[in-house]
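Subject: Structure for you, with notes

Hi there,

Here is the structure I promised to pass on.

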Amino acid sequence: MKLDFDVIVIGAGLGGLLASFYLEAREKSCLLLEKEIPGGQLNEISLMEGYPIVGEMSGSHLAEELLNQAQEMGVCYRYGDVKEIRNLGDYKEVVTSQEVISCKYVLLAMGSRPMLLGLDNEKQLLDRGIHYAFDGNEAFYMNKEVAIVGNSEEAVLGAIRLANLAKEVHLIASTEDLMVAPYLKKRLKTKENVSVSYCTEIRQLLEEESHLMGLRLVNRRANEEKILPVEGCFVFIGRVPNSECALSLGITDEEGSILVDTHNETKIRNIFAVGDVVKKEDYQLETILSDCAVASRAIVYRNN
Ligand SMILES: Cc1cc2nc3c(=O)[nH]c(=O)nc-3n(C[C@H](O)[C@H](O)[C@H](O)COP(=O)(O)OP(=O)(O)OC[C@H]3O[C@@H](n4cnc5c(N)ncnc54)[C@H](O)[C@@H]3O)c2cc1C
C-alpha cells in the first residue's frame, strides 16, 4: 500500500520543527501539521538568552528560521488541526478537520498550554490584568502592586524578576511551602518587596471597567478571606498537555501527558512523542533537542 508520507509530525513548535528537519535530512518524507502559527511557545519568548548557538534573537524569529530550514530540506508544511490518530497496525491515519492522511510513523509534538485558575471571568481578563507568561507585559506594572500565583521555580523566578520593577509583589502559593531549590528561597528572601502567602487560594477576580483590580483570597489554614488590591496577576500553576487528539490511543497518563520509553516511543509501535506533551522531569529547550534526536534516530534506523 502506498502511504502519503513516511512520517507525520503533529505540531510545529520547537519539537515538531526540529524533528521534521532531522527526519527529512535522513530521507524520511515528512509532513508537518500545525493548527495555529508555527513556533508554538517560542512565539512568546521575546528574547532567546543563554543559547550560544542561537545568539540573541526573538523566539518567533527562531521559529521562522527553523521552518525555513525544514522546508528547504523538503519538509511539507501545512495547516492541519489534528482531531484523531488511527493505529491501523502497519500504518497510521491522521485525521484533521479537513482530510485523512496515511503514514508509517507518527511523531506527536503538540506541546502544552498554561493551566487556568478556573475562575468565572478569567478568560475575559486575559491581558487585562491576567497573564500566563512574561512577554514584555511586565513593564506595564512598573511601581504597581502585582501578584504571582504558584509555588514552582517558574513562579519564584517570576517573583524575583517582577520585584525589580513592581512596587510590591505578592506570591500566592496553595501549598505550605515553595517547591523550589533552597538557593531560590534564599534569593527570594533578599527581595524586600516580595511577600509570600502560603495555603492560599484565589476565590474571585475583582474587576473594574473590564480590568483586574483585586483578588479575593482565602487562607485555608486560618479559613480567612481578604482582598488583595492588585492590577496584575501572573498565573504560573502548571501546564496542560495538548494531547486531546491522542487520547483515544491510550498512551497518556491521568494528566494527559504522553508516556514514552527511552527511544521516545509510546507503547504503540511507530508512534513517537517529543517536547512538552511528553511526561518528563525537565521541560526545557535542551531536553526537546534530545527528544528529537532520540526519536528521529529510532525512526531512521528502523527497518519495518
Ligand atoms: C514565555 C515563555 C518563556 C520560556 N522560556 C524558556 C527558557 O528560557 N528556557 C527554556 O528551556 N524553555 C523556556 N520556555 C519553554 C519552551 O519554550 C517550551 O518548552 C518549548 O517551546 C515547547 O516546545 P514544544 O514543541 O514541545 O511545544 P509548543 O511550543 O507548545 O508547540 C506545540 C505546537 O503544536 C500545535 N498543536 C497542538 N495541538 C495540535 C493539533 N491537534 N493539531 C495541530 N497542531 C497542534 C500548537 O498549536 C503548537 O504550535 C518558555 C516558554 C514560554 C511560554
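Into which domains is the chain divided? There is domain 1 (5–114 + 239–301) and there is domain 2 (130–235), with bounds that come from an automatic or database domain assignment. The centres of domain 1 and domain 2, taken over C-alpha atoms, are separated by 33 Å.

Two notes before the details. This is a predicted model, in which local features need pLDDT of at least 70 and side-chain atom pairs count only at pLDDT 80 or more, while totals for chains, interfaces and linings use all residues. Residues are numbered from 1 along each chain as its sequence is written.

**The ligand**

The ligand is surrounded by 34 residues, and the closest are Gly11, Gly13, Gly40, Gly111 and Gly275. A residue counts as near if its C-beta atom, placed from the backbone, lies within 6 Å. Domain 1 and domain 2 each give at least three residues to this shell. At least two shell residues come from each of α1 (14–25), β2 (30–34) and α5 (285–301), and α1 has the largest share, with three residues. (Helices, H or I with at least four residues, and strands, E with at least two, are DSSP runs numbered from the N terminus.) By class, the shell has 15 nonpolar, twelve polar and seven charged residues; here Ala, Val, Leu, Ile, Met, Phe, Trp, Tyr, Cys and Pro count as nonpolar, Asp, Glu, Lys and Arg as charged, and the others, Gly among them, as polar.

**Helix α1 with α2**

Helix α1 also packs against helix α2 (residues 59–73), at an angle of about 20 degrees and with the axes 9 Å apart. Axes are lines fitted to C-alpha atoms, for helices over the stretch in contact, and angles run from 0 to 180 degrees between N-to-C directions. The two helices, α1 and α2, are therefore roughly parallel, a term for angles under 35 degrees. The contact involves Leu17, Leu18, Ser20, Phe21, Glu24 and Ala25 of α1, and Ala63, Leu66, Leu67, Gln69, Ala70 and Met73 of α2; being in contact means C-beta atoms, placed from the backbone, within 7 Å. Nine of these residues are nonpolar, two polar and one charged.

**Helix α3 with α4**

The axes of α3 (residues 153–163) and α4 (residues 182–189) come within 10 Å and cross at roughly 25 degrees, which means that α3 is roughly parallel to α4. Glu153, Val156, Ala159 and Ile160 of α3 meet Leu184, Arg187 and Leu188 of α4. This contact has five nonpolar, no polar and two charged residues.

Best wishes

Conventions
Parallel < 35°, antiparallel > 145°, perpendicular 65-115°, else oblique. Contact = placed C-beta atoms within 7 Å.
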